[in-house]
Amino acid sequence: MFAISPINHEFDQQIQTNIDSKTKPLGALGELETLALQIAQVLGKVRPQIHRPAMLVFAADHGIAASGVSIAPSEVTTQMVYNFLRGGAAINVFCRQAGFTLEVIDCGIASPIVDEPELINQRLGAGTQPFHRESAMTLGAVKQGFAMAKERVAFHHGQGSNLLAFGEMGIGNTSSAAAIMAAMLNMDVAACVGRGTGIDAQVMARKQMLIEQALHLHRDQLSDPYGVLAAVGGFEIVQMTGAMLATAEHKMLILVDGFIATAAALVAVAIAPAVRDYMIFAHQSDERGHQLMLQHLKAKPLLSLGMRLGEGTGAALALPLVHAASGFYNEMASLQDLGIEI
């Protein structure tokens, strides 16, 4: 479904020379220099700028939530979607501050929301099935989700966006992300499961047990990324994965948020390794397991603030750093301009 080209390294040395020649000691801007190199690789070496950055927040419910793996009931997913639409959530605040266009997408919350023209309807169902008892969804739903995500990304590309970020909302989705991580990396569930919304030790033990049960149940389906998504994924994680692949196909930058978004990134890279070239990792979540996923993807996040909210909040906070990297690359004087020799 996706034709993703690896980035062209033909001009890497020219880009690096431009960075090194700025009025600063070599490497003095640290990770911003690495980020500027990546931005220029993806968007072009001549004045690469971020245009119309868009944040897509995917929302869906999870059947596993009914088994008590979160401090909140599934109804909170719908309540938070209303909050997004009214502009009252953290992601709304941060997107306004950073200059993100924000879009909210219903991928399959339990109760459909009607009469909300700003809500994008890409429903794959009324929540997934409880994946410790049966597959979360069919392979057909995975493919349909990818197609929907691809269409949505094409819309934003057509609007002039060249950077997309992806947030999520869905009670129970850290269980799905942890299961995906364990399956994709062949790791012990205990290393992947965290406290999510702030569960206590007893609930965490139950969460771990149910994920282990699910992975045993679906062991014959976990040999490829599509099977993993069908077995233990979420509708929002599926569409986030498809959106990342589509964004790379359009040669746009992907700003990856936290634990759940990185689980989607993990699947996307397994499907098409070249997608990794387009990914900027915004922050290291406080959710257990995220650091291990980042290490596997050889990713160095821009921020580490002890956050674990989701919604795309870490990606929104990282956007000013992306602007700063492209800004110094385009606007900072060179040593040659000032006649300085070092």
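**Close-up views of a predicted model**

View 1. A polar atom of the Thr241 side chain lies 2.8 Å from the backbone oxygen of Ile237. A polar contact is a pair of N or O atoms within 3.5 Å; within protein, one atom must be able to donate a hydrogen and the other to accept it, and residues adjacent in sequence count only if both atoms are side-chain atoms. Thr241 belongs to helix H9 (residues 235–249); helices (H or I, at least four residues) and strands (E, at least two) are DSSP runs, numbered from the N terminus. The relative accessible area of Thr241 is 0%, so this residue is buried (buried means under 20% relative accessible area, exposed over 50%, partly exposed in between; 1.4 Å probe, protein chains only). The model is predicted: local features need pLDDT of at least 70, side-chain atom pairs count only at pLDDT 80 or more, and totals for chains, interfaces and linings use all residues. Residues are numbered from 1 along each chain as its sequence is written, and side-chain values use heavy atoms, with hydrogens and water left out.

**View 2. The aromatic cluster of Phe2, Phe146 and Tyr226.** Ring pairs join Phe2, Phe146 and Tyr226 into a cluster, and the search of the whole structure finds 3 aromatic pairs. Rings of Phe, Tyr and Trp (its six-membered ring) pair if their centres lie within 6.5 Å; planes under 30 degrees apart count as stacked, over 60 as edge-to-face and the rest as tilted. The ring centres of Phe2 and Phe146 are 5.9 Å apart and their planes stand at 65°, so this pair is edge-to-face. Because Phe2 lies in the segment before helix H1 (12–20) and Phe146 in helix H5 (residues 139–158), the pair ties together parts that are 144 residues apart in sequence. Both partners are buried: Phe2 has a relative accessible area of 19%, and Phe146 has 1% relative accessibility. Phe146 also forms a tilted pair with Tyr226, at 6.1 Å centre to centre and 55° between the planes. This second pair links distant parts of the chain, since Tyr226 is in helix H8 (residues 225–232), 80 residues apart from Phe146 in helix H5. Tyr226 is partly exposed, with a relative accessible area of 34%.

**View 3. Lysine charges over aromatic rings.** The charged end of Lys150 sits over the ring of Phe2, 5.1 Å from the ring centre. Likewise, the charged end of Lys22 sits over the ring of Tyr329, 6.0 Å from its centre. A charge sits over a ring if NZ of Lys or CZ of Arg is within 6 Å of the ring centre and within 35 degrees of the ring normal.

View 4. Most residues other than glycine have a negative phi. Arg47 has a positive phi, near 45°, and is found in the loop between H2 and strand S1 (54–60). With 45% relative accessibility, Arg47 counts as partly exposed. Glu311 has a positive phi near 70° and is placed in the loop between helix H11 (290–296) and helix H12 (313–331). Glu311 counts as buried, at 4% relative accessibility.
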